[in-house]
Structure formats: C-alpha cells, structure tokens
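Morning, everyone. Have the model up on your screens, please. I'll talk about cavities first, then rings.

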Amino acid sequence: MPTATPTSTQPIASRQRIVILGGGFAGLRALYRLRDLTEQAEIVLVDLRSTSLSRPALPEVALAGMSVEHARFPLASAVTRAGARFEHRAVERVDAAGRQLVFDDGDTLAYDYLLLALGAMKDYDAIPGFRNFGYSLCDDTEAPRLAEALDGFTGGPVVIGSARSVWGTRVQVPQLAAPCEGPVAEIMFMVDHELRRRGLRDRSSIRVFSPGQIFFEDVGPTVHANVRPLVEGAGIEVTTGKVLSRLIDGAVEFEDGTSWGSSLSIVLPPYTGNAVIKRSPGLGDEQGFVPTDQAMRHLDFGHVYAAGDGSALAMPKLGHIAVIQADVAVAALRQDLTGKGDIPPYRPEVFCIANRGGVEATLIYSDNLFGGAVDLTLDGPAAHFMKWTFDGYYFHTQGHLPPDLATEGLEMLLRRVHR
Ligand SMILES: Cc1cc2nc3c(=O)[nH]c(=O)nc-3n(C[C@H](O)[C@H](O)[C@H](O)COP(=O)(O)OP(=O)(O)OC[C@H]3O[C@@H](n4cnc5c(N)ncnc54)[C@H](O)[C@@H]3O)c2cc1C
C-alpha cells in the first residue's frame, strides 16, 4: 500500500495529532474551539471540498437571487489562520482500530484523536425520478439548479416536501420522519413570496407534504399554533402522513397510491450516513450514522468523537445542534488529551430562523422535543435582520459564530419575553 511522506502520516512524538474530518458547521466550530491546543497538538482538518458550504444560506440562493458564492468560503485560509493544517482530500474509510484515515488514493494519515464531522449524505438517488423531474436545494449544485427552474416557471401547481428518512437504533433519539422540516417551511413561504412578486400566485397552487403525522414534528404546540395562521394566510395547503414514492413528469406520487399534479416538484431527499462511515468497519450504525455517548465519544472507540448531522445523536439534523455537539466533543477530547476541564451536559434544542420572503422571517426556539418548556416564535423583520446578521457574520469570519455572550443573551431575552 502506498504511504505518504513520514511528516504527513506519522504523529509527531512530542505532539499528539488531532484530525477533524469535515469542515462544515461542526468541524469548523471544533477547529476554532481547539485553537489553544495547537502548542500541544498538531491539528489537521481534512475535507474533500475546497470550500465550506453554509447550507442555511441555500434557500436564498435558490429562491431569492443570492449568489452561491455567498454561501461558501475557502477552507484552506480559514484552517491555516486557526493554526492548523488543511488536507484537501477525499477520505475513503477510517481504520479506527489502527487509528488512521485511508484516502481514496490509498494514502494514509495516522491520528491520536479523531473528530468525525462528515455530515449526512443527501440521498437524491433514493427518490425514483428525482434526477429527471425533481428539484432541491441541499447543496451548491441543487440550489442554483432550482433558482434556474424558478426563473423559467410561468405558473402551475408547486409541490414541496420531504422524503422519509430512516435512522439507526444504537442510540436513543426521537425517530423523526424527516431530518428537519424547517427548510421545507422556509421554501414554501419563499416560493409564495416570489410567485406573488412576479404576479404568478393566482395561477399557482402550493401544496406541501410531510411524511410525519405532524408537520415540523421537532417543535411543540405553541410553535405550531403560531405558524398555522401564517400558512393559512399564504394560502398554502399542508398534508401530513404522505410518504413520497416517486416523481414523474407532471406529478408527485405517494405510497398510499395518490398522486398530486405538479409543475415544479421541490423535495428534500432522505438523509443517510456518510459513505465513509459505511465503508469503515465498526464505525457506523445500521444507517451509517456514528453512535456516541452524551459526551460525543464513539460507543466502541474511545479516541473517536462525532458531531453534527453525521452523528446518530443529532436529531433533528440542524446546524445549531451540530455546534452544541461540537462544543461537547471538544470538551471531551480536551479532557482526554490534557486531563483538564469539564464536559458540559448535552442539551439539544431547536433554534433556527426561517426566511419568509422580503424582510419577513420567523425565529423558532424550542426544546419541546427534548422535554423542555421553551417553545416560541418571533416573527417579522427583526427575525429577518437576525438571520441576515448571523449569516453575514458566519460568512465574513469564515465560519465563526457570534460570541457566546450574544447568543446566550438572545436566548435568555427570548425566554423572558415569551414567559
Ligand atoms: C436547505 C437547508 C437549510 C438549512 N437551514 C438551517 C438553518 O437555518 N439553521 C440551522 O441550524 N440548520 C440549518 N440546516 C441544517 C444545517 O445546514 C446542517 O445541520 C449542518 O450543515 C450540519 O453541519 P455538519 O458540519 O454536520 O455537516 P456539513 O455541513 O454537511 O459538513 C460536512 C463536511 O464533511 C465533508 N466531507 C464529506 N464527505 C467527505 C469525505 N469523504 N472526505 C472528506 N470530507 C468529506 C463535506 O465536504 C463537508 O464540508 C439547513 C440544511 C439545509 C439542507
């Protein structure tokens, strides 16, 4: 088997090597939180992409004329500035027993600690007919393709929804029918706004389907009650319990045998575990998600941690949860490496802002799914401004999040106002 140069593959005797696999929300959060360890450890971030992609910006790329260049930024400069080394390469598999990565060219990279932040695979090909008759927006290929389709759209039925995902069973999490329906809500409102702006709404219906028994089942009754009038006011029809079976020319078909006419079918694909995990012996659950304990340590390999959409514990699949998990994983890794520091409790919550077109947006904050009492929304231009500020900050600082004080202060304020 070919090997890379000793300097790139062997841990330096005096310094441990930490490898972060994936430079999305979770990987970059971990990288920035580990910066103070660069004296003690060599930190390497590996990604097959040269840019980090901010998926929360993609609805604006697809539906509001934003350039895709504003949804991604170069990883090399971000990683180097953080005092780490960037490896722009595709990983084939992880040899967790041998503590090394195996790249697609057979090269290897040894590590002492590994943080898996590979995200989830968006399985478009699991939907029969998607490549010919479907649109989506989960990456920087699909979002511009949808923007182009919408440009040429002259009216007719629009159908929007999520395909059903299936999860593994090694860790106990809510088994949601879809990874997160926040983007579906965002798409339906933004399509409504865009069609009104172009004078096409009278000639177009918007029908939304959900594979779950409740649309947006990751939030609680107050959020549902607050969002319902917005949906009704926009003339959008939502139907639950509809499991997508295939897309055909002019229609969307469901497992219950029904079919809806469609001139524009926008679908969030099922999520499945990353192919790297599926190819790595013992690393993933039945669906290729990484099973961890509440400290984000792998259930079977103590030196491996996971955070973000690729973690089995991440439910729903949300950037906010990816960041919460990265913080916990970094604390666990720090403790293992230095023997210092506490590991914070893992407290997942839903926090997202869905644009609704123009300057309207809805902020959603809820821990109802996890047994908490927070379940609130904030509507209007203030929420839109917050999203604009957050996305701009993330983009211009190359993946940093606003300071903890600002986000914790905002969450505290929201809880007080809505008490
Ligand atoms: C349309 C849309 C809108 C969203 N809006 C919001 C929102 O408003 N708020 C919110 O909180 N969340 C939102 N989310 C969810 C959020 O984007 C994800 O939860 C988040 O991106 C997960 O981060 P991650 O780091 O786990 O994975 P990712 O961001 O997917 O990053 C994974 C990284 O791993 C790399 N990688 C994959 N395979 C390999 C390989 N073989 N070798 C090397 N590198 C590899 C990838 O290139 C990528 O850079 C949205 C998602 C979508 C699809």
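Six nonpolar, two polar and one charged: that is how the residues lining the largest cavity divide in this predicted model. The names, then. Gly182, Ala185, Glu186 and Phe189 are on the list, along with Phe216, Val227, Ala354, Thr362 and Ile364. Which helix gives the largest share of that lining? H7 does, with four residues. Helix H7 spans 182–197, and strand E21, 361–366, also supplies at least two lining residues. The volume of this largest cavity is about 60 Å³. The whole structure has four cavities of 30 Å³ or more.

Phe189 lines the largest cavity, and Arg356 lies over the face of Phe189, 5.7 Å from the ring centre. There is another arginine over a ring. Arg207 sits over the face of Trp260, at 4.0 Å from the ring centre.

Now ring on ring. How many aromatic pairs does the search of the whole structure find? It finds 12. Take Phe390 and Tyr394. Their ring centres are 6.3 Å apart and their planes are at 15°, under the 30 degree cut-off, so this pair counts as stacked. Both residues belong to helix H11, residues 381–396. They are four residues apart, about one turn of the helix.

Is each one buried or partly exposed? Tyr394 is buried, because its relative accessible area is 1%. Phe390 has 28%, so it counts as partly exposed. Ring pairs also join Phe390 and Tyr394 with Phe25 and Phe73 in a cluster.

That's it from me. Over to you.

Note on methods: Residues are numbered from 1 along each chain as its sequence is written. This is a predicted model: local features need pLDDT of at least 70, side-chain atom pairs count only at pLDDT 80 or more; totals for chains, interfaces and linings use all residues. Side-chain values use heavy atoms; hydrogens and water are left out. On a 1 Å grid over the protein atoms alone, a cavity is a set of points where a 1.4 Å probe fits but cannot get out, and a pocket is an open set with protein on both sides within 12 Å along at least five of seven lines; lining residues have an atom within 4 Å of a point. Grid points are joined across faces, edges and corners, and a volume is the space filled by probe spheres set on the points. Ala, Val, Leu, Ile, Met, Phe, Trp, Tyr, Cys and Pro count as nonpolar, Asp, Glu, Lys and Arg as charged, and the others, Gly among them, as polar. Rings of Phe, Tyr and Trp (its six-membered ring) pair if their centres lie within 6.5 Å; planes under 30 degrees apart count as stacked, over 60 as edge-to-face and the rest as tilted. Buried means under 20% relative accessible area, exposed over 50%, partly exposed in between (1.4 Å probe, protein chains only). A charge sits over a ring if NZ of Lys or CZ of Arg is within 6 Å of the ring centre and within 35 degrees of the ring normal.
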